[in-house]
Amino acid sequence: MSDQLYQDRIVALAKAKTGAGKLENPTKSARRDNPLCGDRVTIDVRLDGQGRIAEIAHQVRGCLLCQASASALSSVAVGRDAAGIAAVRHDAERAVGREEGEAAEPFAAFAPVAAHKSRQECVLLPFEALKDALS
Amino acid sequence: MSFDVTAVRRQFPILSQIIDGRPVHYLDNGASAQTPDAVLDAVRTYETTGRANVLRGVHRLAERATDAYENARTDVAQFLGVQPMEIVFTGGCTAAINLVAYSYGSLLKPGDRILLSELEHHSNIVPWQLLRARAGVEIDMIPVTTDGRIDLETLPGLITPRTKLISLAHVSNVTGAMLDVGAVVTAAKSVGAKVMLDGAQKAPHGPIDLPSLGVDFYVFAGHKAYGPNGIGVLWAKPELLDAMPPFMGGGSMIGRVTFAETTWAPAPRRFEAGTPPIGPAIGLGAACKWMQALDWTGAHAHEMTMVQHLMDGLQKIDGARIFGPAGLQNRYPVVSFTLDGVHPHDVAQTLDSFGVAVRAGHHCAQPLMDRFDLDGTTRVSMAPYNDGSDIDALLTGVRHAAKTLR
Ligand SMILES: Cc1ncc(COP(=O)(O)O)c(C=O)c1O
């Protein structure tokens, strides 16, 4: 049987747990819930003087897709400001088929989610939390 | 003679479907059960030979429709061991609870108390919170034991002379635990409180003798009891129905309407404003008849054998934990479990790829999830048409999730 959604790359991203945890003294943090499935993401950021992310940490109570996405996002977030994160989000949206075009790494790994509409919000939830933290 | 699952399965057309090359292993009956030919035929007969509005026309189709609708009320009443005029058709189980909260609730006074439990479905919590906001009643909560039962030992400390209603799940939609109704009724009587049971997860497992239970209100949903969507049932003692004001106003529920004053029709009509869900009610009547004809001694034994098979299988999977009663006593075939290191949604998604349908998440019981600090559970809910192959397919999928996702 083929288990198309949970391909090795997504599982590997989730297991990597990049950025999992809390920051000691975050400049900002935000929590987002998905009321439909109960997934919950909390993101802490420490910002530099220009509003760029100097450090990021996340806590996910949610599914593997949400964990993998938070991990992927954390791996590319440092050095970016709100506009930079918005640009990265396009990659996630492209990967899950919500936008046209090629998704850059590491988000290309989420391509299998395109066929599972009900799970796309799981991938985007960490972005929502980070957007709140940066606003 | 042993219970003939094959003969039961044959009556459910959806179960013979092949999707993406796999049979359907439908173990999400607690969310919505499947429907047998007898129900589909009854609805089709109404739609093709007797479709008309009820109670209003003098023509033949209207008479057929009215007869079929009222016969359905009788079939539901027989299923519950009560009189037809005590049966109110509603839009669903949630609608029935809201009806009671609104209508019976309007008879309560500020400071009166409603007693619920920690494992209730949101539909047996939120209507009471709305009543609390409207009428200033108070809500108390019976806690749950670690094996997922309503902890009735705490009852004496929670019941007060101001307690007017105790409203509890007859069977939990998360843990499968059945309530000790007798104990609740005895406690309620000591202070003159009424008892309502949410039978959403009990009705799908056979006829219920309400008079012997001694409760005051009973509700359930058609679609979980092999009937159509959009129909539910409220039963209440006739003196309560008589005392309760209407919930919704409109046609069919009136005695006489003038702009100065309107009088109400007697129950159950008073609570069935407007054109009711006629086809769905007829379907539910057929579902109740279908259930009454089933051998429930055999069906229940078969369901419990599947529960045991499932529990034995889960016990062999590292990190799988059953949330709910460990034994088979006073429980129904709803089994929740968690798998360490794998989120319930990922378990359910993996199971889907094995052709197995289950529900994962909070099951509309967030207070219960909070109490046990759970992200959710994976819930396996069975019906008499399930068989060992469904449980085997499920266990294969859970083992696969355990191996690949953590
Ligand atoms: C115990 C319980 N009560 C009430 C309900 C609500 O039923 P419905 O959504 O059909 O109105 C459900 C269904 O999920 C349930 O399991």
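This text walks through some of the salt bridges in the structure. The model is predicted. Side chains of opposite charge can pair when their charged atoms come close. Over all chains, the structure holds 26 salt bridges.

Start with a pair that crosses from chain to chain. B:Asp373 and A:Arg61 meet through their side chains in a salt bridge, at 2.9 Å from N to O. B:Asp373 sits in the chain B loop between helix H13 (366–371) and strand S17 (377–381), while A:Arg61 belongs to strand S3 (residues 53–61) of chain A, so this pair joins two chains. B:Asp373 counts as exposed because its relative accessibility is 54%, and exposed means over 50%. A:Arg61 has 34% relative accessibility and counts as partly exposed.

Now stay within chain A. A:Arg98 forms a salt bridge with A:Glu121, and their closest N and O atoms are 3.1 Å apart. The two residues are 23 residues apart, and the pair links distant parts of the chain. A:Arg98 lies in the loop between helix H3 (82–95) and helix H4 (120–134), whereas A:Glu121 lies in helix H4. A:Arg98 is partly exposed, at 38%. A:Glu121 is also partly exposed, at 39%.

Chain B has its own example. The side chains of B:Glu272 and B:Arg73 meet in a salt bridge at 2.8 Å, N to O. Here 199 residues separate the partners. B:Glu272 is in the loop between strand S12 (262–264) and helix H10 (278–293), and B:Arg73 is in helix H3 (residues 60–80). Both B:Glu272 and B:Arg73 are buried.

Salt bridges can also share partners. In chain A, such bridges join A:Arg32, A:Arg89, A:Glu93, A:Glu128 and A:Asp132 into one network.

Terms used. Residues numbered from 1 in each chain as written. Chains lettered and ligands numbered in written order. Predicted model: local features only at pLDDT ≥ 70, side-chain atom pairs only at ≥ 80, totals over all residues. Heavy atoms only, no water. Salt bridge = Lys/Arg side-chain N within 4 Å of Asp/Glu carboxyl O. Helix = DSSP H or I, 4+ residues; strand = E, 2+ residues; numbered from the N terminus. Buried < 20%, exposed > 50% of the residue type's maximum accessible area, 1.4 Å probe, protein only.
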